[in-house]
Structures are given as structure tokens and as C-alpha cells.
Amino acid sequence: MSAQMILIVRALGRLCIDSVSALGRLVLFAMAALSHVFRPPFYRREFFIALLNVGYLSLPVVGLTALFTGAALALQIYSGGSRFNAPEVVPQIVAIGMVRELGPVLVGLMIAARVTSSIAAEMATMKVTEQIDALVTLSTAPMKYLVMPRVLAGLMAGPGLVAVADSIGIFGGFIVATQTLHFNPATYLLNTINFLTSADILSSMAKGMAFGFIATLMGCYYGLNSGRGAQGVGAATKASVQAAAVLILAANFALTAVFFTA
Amino acid sequence: MIAFENIYKAFGLNHVLRGVNLTVGRGESMVIIGGSGTGKSVLIKTVLGLVEPDNGRILVDGQDVTQVKRDAFLSRFGMLFQGGALFDSMPVWQNVAFRLQRGALKRPLAEAREIAIEKLRRVGLAPEVADRFPAELSGGMQKRVSLARAIAAEPEIIFFDEPTTGLDPIMSGVINELIREIVVEMGVTAMTITHDLSSVDTIADKVAMLHRGTIQWCGSRADLAQSGDPYVEQFVNGRADGPIETLR
């Protein structure tokens, strides 16, 4: 084997080992965070602040994004459906598109942009300014005090945000369909309600929970493992949002396969 | 008593501690001096478990620090961090009373606040400061709040990491005096990391110099000026020429 070939194999091997060990660290971090959900002490105040930040304060951006997406979806389906003489499928496709895919994914990406970045920046700054070390010296585990409340808030707020996004997205489609495409409002709503199944809604909530977990976990993981100085904070914030977005889309595919491939 | 026995620590290829042996007696105020990046802060962080040594062991009152129950062990310590390390999401009084609001030392809210205000008064801050946020305070006031937090739970051992860094000479003097008063008054064991020789004069009972990862010299404050050690003499006199290599 030539020296060049050995170098290539070595680089590939190094890449594999680094990737697997990074994944291992992340899985261990996630398991440690989840294990604290069941072990006292519980920091209720920190949890409610996190819930407010992840859930309630994300409502405006999630609502607006879902509204415009639902409205655009209605226009696209009407236009596309007209090509094969089926423009009446708008309510059904808007409903299924929002509930199964767009609602959860939009929520995931919006909280990755809004919450993951802020958690990562906050924790990285705390690390750089020795606030994490100070917590430890004050007999408080950062995993329990900082990570667990945020991850739990992500798990709980995710489904709620998805329910809001689904409803507002469908409402956006309804407004466009009834006001500009001349659909009958009662028929539109009836078609929407009759078409959705409990499996659609269950998958939507499950995705919301998974994406909330991923978004908050990535913020905590990259924040607590940030490098030094302002550059370290910036790098941790960027990496956390990238990782959260990619993992959310990958998890979306995996969950879609689980729920709808049978 | 704190005993460091043959402590080694490396970060990658950077060998920071290369066999540190040092003993700090009970009730003693030990000041560690040495150039920047010589591992002074790393040394005290090994005691608290913030940094894990690669080799060697640390005994506190004869107990290996890796074998103790963490919560009870850490409740014996207070620490003043170099930059204050105050939690900027909470007001000053909650920073000071942090340890008194959770865990084994938890007190009722009103009592915790009262203790916080008493400790703030002890470090020369008015009770009105209690409801302000750290970002609203000057550097000197932040150091005082950090000092109040370090003493809030009446620890037996206090670490001071660069207590006067970033402060003007007058404020440095005030903080040094305050540390001395508190150490004497509470009868605690203290370890201070500094390159500020005025801190050494005010705070130290004993002085140790860390150089190239080992204790270069250790003795009483009175002996520092006549140590006879060329490294210590160069450092104390602030000379560029001498056995300590400097970047120019």
C-alpha cells in the first residue's frame, strides 16, 4: 500500500473515530440531562423561566411563520391542483401538510434559531466568565440547575408550540382559500376536520416533543463545551444552531418513517 | 490543612503543573505568586474538583478530595473568582445568598436575604445595593459582592483568585485590607493567587512561588525579601533580566 493510501485511510479512520466519539459524548450528555429529570433537587423557578422563554415567548414568531406558510401553501396547492382539475383538495392538503410536516418542522427550526442560540450564548458566556465554575463551588450541579430545566421546558413546550403552529397554519390557508379562492368556509372547515386522523395529530405532537428536546439540548451542549473568549461564544452559538437544525430535519425524516411507513 | 502531593496537570502538550508539593496549615493565609500562565489558578481549582489532576493527590484535613461527599465537602469552601463570576441574571442579594437558598444550607427566604445584606454590609456595601444587578456595579463593587458571596455560608477555607486584578491601586488596597480582616476575623484557612505584591504584603502569612509547574520557593512573608532565590528576587523586584525567561 502506497504512503498516500495510508494517509487517506488514516484520515478516514480519524474522521470516523472523531465522529463516533462526538456522538458518544452527545448521547452521554443527553442521558445525563434526562436522568436529572427524575432525581431531586428540582429547580422549579428555573424550569418556569425556561418554559416561558422556550414556549410563551416563541409564540409570536411561530404564529407568524405558520400563518404565512399556511397561506402560501393554500395558494400553491390551488395552483398545482388546478393543473389536473383538482383545486378542491386545498383544505385536505393544507391540513395534512401543516400537521404532519410543516407545523412541527417550522416550530423546530424557529426554536433552533431563537432558543438554541440564546441558550448556547448564555451558557458559553457563563462558562467564559467562570459562572459555571462558581455554580460548582456553590454545591450546585450545572447539569441539574442549568441543563435539566431547559431540556424539560423544551420537551413540554414543543408539542404546545406545534399545536399552535398547526392551528394557525390551517387558519392561514382557510383565510386565503375563503377570501381569495372563493371556497365555502363551512365546507373548508368540514373537509379539514374530516380528513385529519388521530395518527396525524399524534405524530405532530411527538415531533414537537422531539424537536423541543433537540433544540434545547444542543444549546446546552454547545454552550457548556464552548471555547474561550468571545470567539468561543460565537463558535458555540453557531455550531449549536447548525447542529440543532440538521438534527431536527434528520429526526423529522426518522419520525415520519416510523409513523407513516407501514 | 490542605496538602498537595506531587500534583501533575497537562492540557494537551502544555504541562502546567509538574509535581507540586505544598502544605497549607489550618488557619494559615498562603499566597501563591508566579508569572502569568504558570498554573496558579489551576492549582486551587484542583482542590475543588473544577480541574482533575493527571497525577498526585490532594488531602484536606487528611481526607483525599476524590473520596469525599461532594456537597458536604464543597460547603466548607468559599471562593472569590478573578472576574467576580457573579450570576448576572439575578440581583446582588440572590448572588450572595445563592448557597443559602438551596441544598443542605437552605434557609427561609427572608433569613437568606437578611444574611446577604449583613454580608454586604460586612464588605462595605450599603443595603440598597442588594436589589441591583451585577452589571450595574463597578468592578470594585463586584469584587466586594463576590467576597460577600464567598463568606456568606461561613466557610472554613477561602480561595481568592487574583482578588485585585483590574482594580485601581486604592481599590486594590481596600480589597486587600478587607480580605485580611475577614481571614483574621473568621479564622479561616486562605489561599490567594496573585501577582500583586501589595496583596502579598497585606494578606500573606506564608508565600509560595510557582514556577514552571513546581513550587520554586516557599517561606514566610518576612523571609520573602531575603529569600536568596534568584527566581523570587527577579519576580519580587520586577526585573526583566534574570533566570525567568521573558518574551520581549
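This report describes selected helices, strands, domains and contacts of a predicted model.

## Basis of the description

Residues are numbered from 1 along each chain as its sequence is written, and chains are lettered from A and ligands numbered from 1 in the order in which they are written. Because the model is predicted, local features need pLDDT of at least 70 and side-chain atom pairs count only at pLDDT 80 or more, while totals for chains, interfaces and linings use all residues.

## Domains of chain A

The domain assignment divides chain A into domain 1 (1-39) and domain 2 (42-260); such bounds come from an automatic or database domain assignment. Seven residues of domain 1 of chain A and nine residues of domain 2 of chain A form the contact, where two residues are in contact if their C-beta atoms, placed from the backbone, lie within 7 Å. On the domain 1 side of chain A, six residues are nonpolar, one is polar and none is charged. In this classification, Ala, Val, Leu, Ile, Met, Phe, Trp, Tyr, Cys and Pro count as nonpolar, Asp, Glu, Lys and Arg as charged, and the others, Gly among them, as polar.

Helix 6 of chain A (residues 142-179) has 38 residues; helices are DSSP runs of H or I with at least four residues, strands are runs of E with at least two, and both are numbered from the N terminus. From first to last C-alpha, helix 6 of chain A reaches 52 Å, close to the expected 56 Å, the expected span being 1.5 Å times one less than the number of residues. Of its 38 residues, 28 are buried, so helix 6 of chain A is largely enclosed by the rest of the structure. A residue is buried if 20 or more other C-beta atoms, placed from the backbone, lie within 10 Å of its own, exposed if 12 or fewer, and partly exposed in between.

A:Met110 lies in helix 4 of chain A (residues 90-128) and counts as buried because it has 21 C-beta neighbours inside 10 Å. Leaving aside neighbours within four places in sequence, A:Met110 is in contact with A:Ser58, A:Val61, A:Val62 and A:Thr65.

## The sheet of chain B

Chain B holds an open sheet of four strands in the order 2-1-4-5, with antiparallel pairing; two strands pair if DSSP finds at least two bridges between them. Strand 2 (14-24) and strand 5 (63-64) of chain B stand at the edges with a single partner strand each, so one side of each has no neighbour in the sheet.
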